Amino acid sequence: MTGKPGSESCDILIRNGYLLTMDAERTVYSCGAVAINDKTIIAVGRDAELSTRFRPRRLFDAKGAVIHPGFIDCHYHANIHLIRGIAPDDPKTTAPLPFFEWTNQLEDEDEYIQTQVVSLEMLRRGYTFFLEPGTVYEPDAAAAAVESVGVRAGLADPYLWDVSDAGNSRPSNTARIPNDAERAFKVLGRQLARNKDPDGLVRGHVAIYGEGSQSEQLMRAAKECADAAGVTFTMHHNFTVEQAERDDARFGGGSSMVHFARCGLLGPNSLFVHMNVIRDDEISAILDSRMSLVWHPGNAMYYGISSDKKPRIPELIDQGCNVVFGVDVAKVWTFGGLEHIGYLVARQDKRYIPSTRLLEMRTAHAARALGLSEMIGSIEVGKRADIVIRSNREPETLPSINPVQELLLTGHSTFASTVFVNGKLVLLGGQSTQLDQEAVLAAAREMAGRVLKRAGYIPRLSWPVIN
Ligand SMILES: [Zn+2]
C-alpha cells in the first residue's frame, strides 16, 4: 500500500467479488478487487485494501459474484455459426445441408454478421477471445465484426491447403478456394501483419486446414512461419480412424504424430485440433514436444467416433499435456457446453478432470496454447484487463459454496453480467455497450434466411407446421 487511503487514482475499480485470479499460485480472494488503468491491471488484492487505497473514476460493485479472467476458446469456425438448426441434429452424412453448401453461399456481409453474433454470444457467456482456424473467407470482415463488439480474436489466412484431392475434406468444400499449392505458399503469413499493433483486439496466427489436405512441405513452411513470428501454428488432425490411417500412409507408414515429431513439426507453439484418434506411440511424441491440443469432447460423441475409439485426451490431461477446448461449430452445443461434456467423457472412463482444471483449460492454459500468457489468461498486475463479472442473481448460481464447480458444470458458464476487454466495458447487465444487440439479432435472422435461399434449401420440421 502506498500513500494515504484513497490517494491513488485509477480508471476502474471492480470490488466486492469472489475473485479467481488464475495467477501462478491460483490465488482466490473471497472478497477481492481489481484496479485498472487504461488497458492494464494495476492492482489485485483484498477488497478492504484496494477500496481504501484507490479513488477510481468508475466503480463496479460485483456484489459478491464471481470475477474471473475472460474465457478463451481455441478453435471456432465463425462463418458457420448460424448453420445450427439448419445442419440437423442427425449427424449422418446424408444431412440435407452440408457445411460447404452454406459456406459457398457466403458474402462478406454474411461473415460479418455471423462473427458479430459469435462475439456477442461468447461475451454473454464470459468468453473474450476466440481463435478462428483460417476458415473465414474474408478476414477483414471478421476482424471488423470482432472490433465492433469489442472482444478479441485470432485470425489466420483462409484455407491454406495444397493436396489436390483435398484429403479428407470433400472436393466440393474447395469451390471457393481450390487446393492450390502456389496460392497457399504465397498467402501464408499475411494475417501476421495484424500483430504490428500491440493494442489490437485482433491478432494473426498461422493455420493450415490439415485433415489430409496438406503436404509435408506446407506443414514445414507453416511451422517455420509461425516460429519466426512467435505465434501459434494450428491445424485439424486425426479426426476419424479413416483420416488417421490415410495420413499414416501419406507420412511414411507409421503413426503420423511420431513422424511429425521427428520432422520438428511439433513444439510448444503447435496446436493440433480434434485428435480423436491417438495411438500408443503418439502419446510420448505429444508429451515430449510440449505441444497443445484442442479437445472437443462432444464432436467425437456426435459422430460416434468415441464408440470405436476410446478418447485418449483425458489420459493426456492426467499426464500434464496442455489440453484446451474449442467449440468448433455450435452444432448441438455452444460456448459453455464443452467443459461439462469433457468432465463426463472422462468420468465414463473412470478418469476425473477437476472443475479447477476445467477453469485452467479455459483461461491460463488456453493463453499458453496461444502464446499469449504474458497478456491474457489471468488477473495479474501488468496484464490486459479482460475481466468477467458473473451474475449471482440467478438460481443456477446457488449455493455459491463451490463457485468454480457451480460455474463450469451445473451452470454451463451462462450469465456473464459485466465484461471488460482491454480495460473497456463491453457488456453491462448482459447487454452489449458497443452496439444495438437487437439490431444484430434481426440482421442475423435475415442473413440466415438469405443464405438458405441462395443455397436453394428449405428447412423442414418432421411435424406438420401450419403457416
Ligand atoms: Zn474445426
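Phe 415 sits in the loop that links α16 to β16 (416-421). In this predicted model, Phe 415 has a positive phi, near 65 degrees, although the residue is not glycine. Its relative accessible area is 30%, which makes Phe 415 partly exposed.

Asn 422 lies in the loop between β16 and β17 (424-428). Asn 422 also is not a glycine, and its phi is positive, about 55 degrees. With a relative accessibility of 9%, Asn 422 counts as buried, the cut-off for that class being under 20%.

Most residues other than glycine have a negative phi, and most peptide bonds are trans. The bond from Leu 398 to Pro 399 is cis, with omega near 5 degrees. Pro 399 belongs to the loop between β15 (387-390) and α16 (403-410).

Arg 290, which follows α9, has a positive phi near 60 degrees. Helix α9 itself spans residues 280-289, and its buried residues are Glu 282, Ile 283, Ala 285, Ile 286 and Ser 289. An α-helix has 3.6 residues a turn, so residues three or four places apart point the same way.

## Packing of α3 and α4

Helix α3 covers residues 108-124 and helix α4 residues 139-149; the two pack at an angle of about 35 degrees, and their axes are 8 Å apart. Their crossing is right-handed.

On the α3 side, the contact is made by Asp 108, Tyr 112, Thr 115, Gln 116, Ser 119, Leu 120 and Leu 123. Helix α4 contributes Ala 141, Ala 142, Ala 144, Ala 145, Val 146, Ser 148 and Val 149. By class, the residues of this contact are nine nonpolar, four polar and one charged.

## The chain as a whole

The protein chain holds 17 helices and 18 strands. Its radius of gyration is 22 Å, close to the 23 Å given by the globule rule for 467 residues, so the chain is as compact as a globular protein of that length. Along the principal axes, the C-alpha atoms fill a box of roughly 70 × 60 × 45 Å.

Of the 467 residues, 59% are buried. Among contacts between residues at least 6 apart in sequence, 73% join residues at least 24 apart. The accessible surface of the chain is about 19,000 Å², and carbon and sulfur atoms account for 50% of that surface.

How values were computed
Residues are numbered from 1 along each chain as its sequence is written. This is a predicted model: local features need pLDDT of at least 70, side-chain atom pairs count only at pLDDT 80 or more; totals for chains, interfaces and linings use all residues. Side-chain values use heavy atoms; hydrogens and water are left out. Axes are lines fitted to C-alpha atoms, for helices over the stretch in contact, and angles run from 0 to 180 degrees between N-to-C directions. Helices (H or I, at least four residues) and strands (E, at least two) are DSSP runs, numbered from the N terminus. A crossing is left-handed if the near helix is turned anticlockwise from the far one by less than a right angle, and right-handed if clockwise. Contact means heavy atoms within 4.5 Å. Ala, Val, Leu, Ile, Met, Phe, Trp, Tyr, Cys and Pro count as nonpolar, Asp, Glu, Lys and Arg as charged, and the others, Gly among them, as polar. The radius of gyration is taken over C-alpha atoms; the globule rule is 2.2 Å times the number of residues to the power 0.38. Buried means under 20% relative accessible area, exposed over 50%, partly exposed in between (1.4 Å probe, protein chains only). Accessible areas come from the Shrake-Rupley method with a 1.4 Å probe; for residues, only the protein chains shown count as cover.
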